[in-house]
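Work through the following exercises with the coordinates open, and try each task before reading its solution.

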Amino acid sequence: MKLGLDVESKYYNSVKSMLKILIPQIDLFNLNELLTEEVDLVIITELELSQGITVKANLIKEGRLKSRKVIEDEEILKKIYTKKDFERRIKQRVKLSIFKVLSKYFGSSLSPWGILIGVRPTKLGHYLLKRRGFSYQEVEKKFKDIYGVAQEKRALLLQVMKTERKYLLPPQETEKRVSIYLGIPFCPSRCNYCSFASYPIQEHRDCFNDFLVALNYELEAVGQQVEELGLTVDTIYIGGGTPTVLSAEQLEKLLNKLTEKFVTPKLREFTVEAGRVDTINQTKLKLLKRFATTRISINPQTMNQTTLDRIGRQHTVKRVKDIFNLARQLGFDNINMDLIVGLPGEKIADLAETLQQIKRLSPDNLTVHTMAIKRASQLNRNLEQAQLPSNKEVEQMLALTKDAAAQLGLNPYYMYRQKNTLANLENVGFAERGKESIYNILMMEERQTIIGLGGGAVTKLVAPGDWSLQRLFNPKSPFQYIEEIEERTTEKIAKLTTLIR
Ligand code: SF4
């Protein structure tokens with residue numbers, strides 16, 4: 001569908017980014033520019049700023065006005081708002097009026113998230129709550145009135161924010177606290193939907209040892225600086241890729257080094273993603289236990305064997321159950337399981353069966369991702385054959401996961417959104433009370449410095465005063481990581497030191 005937009009040029013790009021996400025198949029044309037194309041629909045916006053903000057969005061088809069949305073905003077005239085807030089609000093009002101007029105034209109809301117397209121809606125909520133001084137009730141009203149977020153999603157946001165608050169420390173207490181993320185960018189095989197830093201181990205054996213040597217160098221150097229700066233490590237998260245792709249011997253060496261450099265009695269959480277069960281065995285689980293891992297992740301994604309084979313996971317459902325039960329026997333009392341809703345070929349009944357099996361295992365955390373079509377994934381290259389469920393089915397599937405989590409006594413504690421997810425839906429982490437992953441919350445809300453080590457790891461340097469953020473990226477490619485390790489480590493240490501001192 002071709003849509004012509006008549007909107008002030010300074011808002012055009014922002015409206016375009018929103019519509020490209022909400023209606024990916026749409027072709028947009030700027031009516032302020034010379035237009036030679038015929039368009040199917042036209043939206044003309046009118047703006048009046050004499051008393052607050054009034055925006056009209058008129059939707060026209062074949063020369064006739066089909067519908068109109070008028071939004072009036074006098075609330076922005078309150079003294080608490082700055083000139084910058086006013087400018088921002090105009091843009092939000094323009095976007096919401098277009099969102100609403102198009103939703104009306106299509107007969108249903110374009111997205112339950114309204115005009116919110118960012119990855120971290122809860123971060124916005126915390127900003128409104130903590131830095132702008134609004135109450136929870138006012139924050140909820142803003143999500144509704146300004147962003148057009150549906151009631152169900154507002155309830156989710158508020159519930160998550162309230163749980164997260166317990167773990168978000170005031171700025172003066174975060175100054176000298178950091179978390180560590182360590183990335184092992186190798187996997188036994190590449191899942192066809194994946195776009196993470198993940199290199200099939202068999203094809204990269206030749207650089208694997210050099211990668212571990214480089215990683216050891218980074219751990220040693222950064223560890224020394226963390227000690228010199230007197231930093232307390234709050235949480236450690238080993239992810240990837242699949243960290244348990246390391247042999248037991250390699251894993252032991254790595255855990256020894258990590259413990260030596262970063263583990264103190266003040267460590268609050270230590271997570272290892274043992275994501276692919278084809279890389280886990282009793283020896284490795286015992287090792288993780290010995291090194292005081294507090295939380296592990298065993299990720300089936302689905303308990304349907306046909307789907308597992310289709311997406312290239314190369315392990316069985318039976319192995320997921322066996323490894324989970326073994327981990328329980330060995331005393332792991334905080335186990336997460338990741339699921340994906342909307343996997344190729346899956347129907348509602350398939351997901352319902354997966355949830356039955358998950359309920360029988362009874363994990364302590366359940367992380368539910370909505371299928372995202374990543375540009376770099378193999379799936380994206382064969383999208384036509386993918387047999388993805390419809391948006392309606394995906395919505396129903398996500399609702400089922402919420403019910404299953406509730407039946408397991410798990411509550412939503414963190415959430416985020418990604419680009420190109422089916423039906424524009426979200427990813428939610430559920431947990432038993434007291435077993436929420438602190439790292440996940442800190443990483444999502446960007447309220448504490450996270451030092452990223454290893455392949456593809458991102459360091460987030462957070463200034464405690466204003467939560468401003470500086471990111472440093474370790475190369476995803478193991479070859480580049482090995483090549484650049486000294487220079488990247490030097491830069492990381494220098495920036496960390498400037499931030500702390
Ligand atoms: S196990 Fe995870 S990181 Fe590895 S290929 Fe599959 S989705 Fe990607």
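## Exercises on fold, domains and ligand shell

The secondary structure of the protein chain, taken from a predicted model, comes to 16 helices and 18 strands.

**Exercise 1.** Determine whether the radius of gyration of the protein chain agrees with that of a compact globule.

*Solution.* Begin with the chain length of 501 residues, for which a compact globule would have a radius of gyration near 23 Å; the protein chain has 24 Å, and therefore the two agree. Next, take the extent along the principal axes, where the C-alpha atoms fill a box of roughly 70 × 55 × 45 Å. Then turn to the contacts with a separation of 6 or more, 73% of which join residues 24 or more positions apart. Finally, count burial, which gives 41% of the 501 residues as buried.

**Exercise 2.** Identify the residues with the most contacts inside the largest nonpolar core, and list what Ile180 touches.

*Solution.* The largest nonpolar core holds 120 residues, and within it the most contacts belong to Ile180, Ile298, Val341 and Leu453. Leaving out residues up to four places away in sequence, Ile180 touches Val233, Ile236, Phe262, Ile451 and Leu453.

**Exercise 3.** Describe the side of domain 1 that touches domain 2.

*Solution.* First set the bounds: domain 1 covers 1–108, domain 2 covers 111–158, and domain 3 is made of 168–294 + 444–501. The C-alpha centres of domain 1 and domain 2 are 21 Å apart, and eight residues of domain 1 are in contact with six residues of domain 2. On the domain 1 side, α1 (9–22) and α2 (83–106) each supply at least two residues, with the largest share, five residues, coming from α2.

**Exercise 4.** List the residues around the ligand, and examine the backbone at Gly240 and Gly241.

*Solution.* The shell consists of Cys187, Arg190, Cys191, Cys194, Phe196, Ser198, Gly240, Gly241, Thr242, Gly275 and Arg276, which divide into four nonpolar, five polar and two charged residues. The peptide bond from Gly240 to Gly241 is cis, with omega near 10°, and Gly241 lies in the loop between β9 (232–240) and α8 (248–262).

**Exercise 5.** Are Gln301 and Ala423 buried or exposed?

*Solution.* Gln301, in the loop between β11 (295–297) and α10 (305–310), has a positive phi of about 70° although it is not a glycine. Because 23 other C-beta atoms lie within 10 Å, Gln301 is buried. Ala423, in the loop between β14 (411–417) and β15 (426–431), is likewise not a glycine and has a positive phi of about 55°. Ala423 counts as buried because it has 20 C-beta neighbours inside 10 Å, the cut-off being 20 or more.

Conventions:
Residues are numbered from 1 along each chain as its sequence is written. This is a predicted model: local features need pLDDT of at least 70, side-chain atom pairs count only at pLDDT 80 or more; totals for chains, interfaces and linings use all residues. A nonpolar core is a set of buried Ala, Val, Leu, Ile, Met, Phe, Trp, Tyr and Cys residues joined through C-beta atoms within 7 Å. A residue is buried if 20 or more other C-beta atoms lie within 10 Å of its own, exposed if 12 or fewer, and partly exposed in between; C-beta atoms are placed from the backbone. Two residues are in contact if their C-beta atoms, placed from the backbone, lie within 7 Å. Domain bounds come from an automatic or database domain assignment. Helices (H or I, at least four residues) and strands (E, at least two) are DSSP runs, numbered from the N terminus. A residue is near a molecule or strand if its C-beta atom, placed from the backbone, lies within 6 Å of it. Ala, Val, Leu, Ile, Met, Phe, Trp, Tyr, Cys and Pro count as nonpolar, Asp, Glu, Lys and Arg as charged, and the others, Gly among them, as polar. The radius of gyration is taken over C-alpha atoms; the globule rule is 2.2 Å times the number of residues to the power 0.38.
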